[in-house]
Amino acid sequence: MTETKTIRQKEDQITDDFSLFDDWMSKYEYIIELGKKLPLIDETYRNESYEVKGCQSKVWLNAELKDGLLYYKADSDAVITKGIISLLIEVLSGNKPEDILNADMDFINKIGLKEHLSPNRANGLNAMINKMKNFALKYSGENVN
Amino acid sequence: MDAHTSNIESIDITKIREEFPILLRKISGQPIAYFDNAATSQKPLSVINAISEYYETINSNVHRGIHTLSEEATEAYENSREKVRRFINAQSSGEIVFTKGTTDGINLVASSFGTNVVGEGDEVIISEMEHHSNLVPWQNLCESRRAKLKYIPVNDKGELMMDEFRTMINEKTKLISVVYVSNSLGTVNPISEIIEIAHSFNIPVLVDAAQAAPHMKIDVSTLDCDFLAFSGHKMYGPTGIGILYGKEKHLESMPPYQFGGEMIKSVTYDNTVFNVLPYKFEAGTPNIAGAIVLGTAVDFMERLGHENIHNREMELLAHANKLFSEIGDIRIIGTAENKTSLISFIINGIHPYDTGSILDNFGIAVRTGFHCTQPLIEQRFKLPGTVRASFAFYNTFEEIDRLAAGIRKVKSMLL
């Protein structure tokens, strides 16, 4: 059951999955498949206040807290971007805000994704992670209260 | 006669490519196919070497020393200015101002000349296809002067609508600033005609020639433009150096843009007498190395010859157009009759970012996004961006074949 897995376990799972691919093309194809499957965010969230700044493609991200756990939904107009967010959501969604804040997201380096991202695109990736962590920060406060 | 073959022979491509060391680089294990020339061109060895040669032999500050090095640096600096004057056929070297680049030149005119001539209720005309560098300075000027900024519309082929332009001019029009060659569409605008029309109403014209300088002979005397700005780094020269040409009568009438050393004749605690042209507009220690080496880039282009460069690039464009038309599902943005060697496109149903990301993994460098013409791409053409492949003479037919194959692969992966 994915719900019971920790962030670290999910990261390890993705790292294992990616180790099966021997070239960047298969990795991209996998990311593209994930992107095509990513559930769309509700139309009401596709506006500027949910937009992640710093990406060349448009990215919208929202998070909701349920029973102390944070769940993300996102969308993008570019498929590869969607695939990458899908990985981030897979790892972070359904966890306590505090655990999300502590996640080092090391799997991104391990799966060799960053080396295929130009600095501009890596900035976009960092912007997405920052936005996700900002949600966690916002809700971790509420949680404590 | 086979024009195709004869033109290739007039520039020995294999040999000339050896002058560009960066073209030997591999990206993702493959030889780089560099198609981002409209953003910045690669540099030949003569340019690269001239930079170190300057620092190794004559580095010193210009215009002020009495020692030999300073005199030599000053001489090289002024020789380069003279080369540029000749290159664009200006009347005097006082009309050639060294700037940081096109953006800097346009900002200079907007701040100095613009503030002089544009007042409340006046109008400035630019076009819908301007680079942000020839749009934002005017937006800013018009806002601060409470003036109106008007845009010459662009048709679906990416050409300026000249009939509309004629109706936009009135007694309130104080300045027209238009791009010579569009950086995102490749369109070569009828700049002579625009200047002629403007001048018949006594309106000065600034020409943004950033994308024209690498591809065609610029002749400011024939064009009769009032101002013209371009950058060194797009025409095989170093970054951080550019040229603003201005007619002497305008430059004389304009207040300085920045204040400090170099631009003064004498200073007392009470006031300052400004220096003569062009130094009035070159405050502070200039980019001496950049300015000198821009002259080397001019030498390089003249050695190749504008006609040879043009012919070669038109062959590359024709080759790319032919291959693109065979791929299908491609929409080319900018299909003007008169174009430079640039193709802006989208693959139907695929975000430009996805296309660019995958092509990069094939060692193919293209640009994706708005290309600093966000209103044109987003508001005029209603697109989230385009993929832009811009060719320089040193690109090869084989590289363009790889681009076409890469696009086919993108389609198979994403559609």
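Mentor: Let's begin with a term: buried means under 20% relative accessible area, exposed over 50%, and partly exposed in between, using a 1.4 Å probe and protein chains only. This is a predicted model, where local features need pLDDT of at least 70 and side-chain atom pairs count only at pLDDT 80 or more, while totals for chains, interfaces and linings use all residues. Residues are numbered from 1 along each chain as its sequence is written, chains are lettered from A and ligands numbered from 1 in the order in which they are written, and side-chain values use heavy atoms, with hydrogens and water left out.

Trainee: Why is B:Ser182 called buried?
Mentor: Its relative accessible area is 0%, and buried means under 20%, so B:Ser182 is buried. The residue sits in the loop between β7 (173–179) and α8 (191–200) of chain B; helices (H or I, at least four residues) and strands (E, at least two) are DSSP runs, numbered from the N terminus.

Trainee: What is the distance from the side chain of B:Ser182 to the backbone nitrogen of B:Leu185?
Mentor: That distance is 2.9 Å.

Trainee: Which residues does B:Ser182 contact, leaving aside neighbours within four places in sequence?
Mentor: They are B:Met129, B:Thr187, B:Gln211 and B:Leu342, where contact means heavy atoms within 4.5 Å.

Trainee: How do you know that the span of α15(B) agrees with its number of residues?
Mentor: The expected span is 1.5 Å times one less than the number of residues. For the 18 residues of α15(B) that should be 26 Å, and the end C-alpha atoms are 26 Å apart, so the two agree. Among the buried residues of this helix are B:Phe397, B:Leu403 and B:Met413.

Trainee: What makes up the interface of chain B and chain A?
Mentor: 16 residues of chain B are in contact with 16 of chain A. About 1500 Å² is buried between them, 58% of it from carbon and sulfur atoms; buried area is the accessible area (1.4 Å probe) that two parts lose on being put together, summed over both. In chain B, B:Tyr353, B:Asn361 and B:Met413 lose the most area to chain A, together 42% of what that side buries.

Terms used: Polar contact = N/O pair within 3.5 Å; in protein donor to acceptor, adjacent residues only side chain to side chain.
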